[in-house]
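Have the viewer open as you read.

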Amino acid sequence: MTDPSDFRAKPPEGIDADGASSQGASLYQLIREDIIEGRLAANERLVVTDLARRHGTSTNPVREALQLLRGEGFVTFLPNRGARVRPIDQDFVRDIYEIGVLIEPALTRWFVSMATVEDIAELERIQGLIEENNFADTFRHSELDTAFHTVMYQKHYNRHAAELWWKHREVLRAVSRRFDFTLARRAAILGEHRELIAHVKAGNANEAAELIARHVEGSGRHILEHMRARNAARAG
C-alpha cells in the first residue's frame with residue numbers, strides 16, 4: 001500500500017501553507033470549511049469575539065485566521081462594518097481561475113526551459129499514481145494533481161507568482177470538493193497531463209504553455225458548470 005505521505009500535496013518550498021500560529025492556522029481551516037459548506041452564510045458578519053467564544057479560543061488566533069481568509073478572498077473587510085463572508089459564487093470562481101490562466105503559462109514556459117531528467121521522472125511517477133487511482137478516491141486525486149503541478153512551479157524564481165498560484169489552487173480545490181468529475185473531464189485531465197509531459201520532454205515551451213492555459217480554463221469551467229447546475233436545481 002502506498003504511504004499517504006507519498007501523495008500528500010505540499011506548498012512549493014519557501015511558501016508557508018498558512019503563515020500563522022498553530023491556533024490561527026487551525027481556526028483558518030475550520031472557518032474556511034464553514035464558509036465553503038454554507039454554515040456561515042454569504043455576507044454574514046464575522047464578529048471576532050463571537051468566533052473566539054464559539055471555538056473556545058482567544059481573539060488573536062481568530063484575527064489571524066480572518067486575515068488569512070481575507071488574503072484568499074473568502075472574507076472581506078469593510079470600513080466601519082468589520083469582516084464579512086464573501087459569497088462563494090460563480091463570479092468568485094471565474095476570477096480565480098482566470099488569474100490562473102494568466103499566471104500558469106508563464107510558470108510552465110520557464111519550467112520547460114529548466115526541467116531536469118529528475119523533474120520529468122517525478123512528473124511521470126505522479127502521473128502513474130494518478131492513473132492508478134483513476135479518480136476512485138477523489139481526495140487522493142486532488143492531492144496527486146496538486147503535487148503534479150507543484151513539481152513544475154516549486155523552483156520558479158518568482159516566489160510571489162508561485163505563492164499566488166498556490167493560494168488560488170487551494171481555493172479552487174476547496175470549492176471543487178463539492179462536485180464529482182464528469183467522465184469527459186476525467187479523460188481531459190489524464191490526456192492533457194500525458195501531453196504536457198511529452199511537451200516538457202521535447203522542450204516545447206510554447207506548446208506546453210498553451211496546453212496549461214486550456215487545462216486551467218477547463219478546470220475552472222468544469223466547476224462553474226457544476227455550480228450552475230446546482231443553482232438551477234435549487235431554483236427549480
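What follows covers the domain interface and then one leucine.

This is a predicted model, where local features need pLDDT of at least 70, side-chain atom pairs count only at pLDDT 80 or more, and totals for chains, interfaces and linings use all residues. Residues are numbered from 1 along each chain as its sequence is written, and side-chain values use heavy atoms, with hydrogens and water left out.

**The interface**

Contact here means heavy atoms within 4.5 Å.

| Item | Value |
|---|---|
| Contact residues from domain 1 | 6 residues |
| Contact residues from domain 2 | 7 residues |
| Area buried between domain 1 and domain 2 | about 680 Å² |

Carbon and sulfur atoms give 54% of that buried area, which is the accessible area (1.4 Å probe) the two parts lose on being put together, summed over both.

The rule finds 1 salt bridge across the interface, a salt bridge being a side-chain nitrogen of Lys or Arg within 4 Å of a carboxyl oxygen of Asp or Glu. On the domain 1 side, helix α1 (residues 22-36) gives the largest share, 3 residues; helices are DSSP runs (H or I, at least four residues), numbered from the N terminus.

**Leu-190**

Leu-190 sits in helix α8 (residues 183-202). Leu-190 counts as buried because its relative accessibility is 11%, and buried means under 20% (1.4 Å probe, protein chains only). Leaving out residues up to four places away in sequence, Leu-190 touches Gln-127, Ile-130, Glu-131, Asn-134 and Phe-135.

Definitions and conventions. Helix = DSSP H or I, 4+ residues; strand = E, 2+ residues; numbered from the N terminus. Buried < 20%, exposed > 50% of the residue type's maximum accessible area, 1.4 Å probe, protein only.
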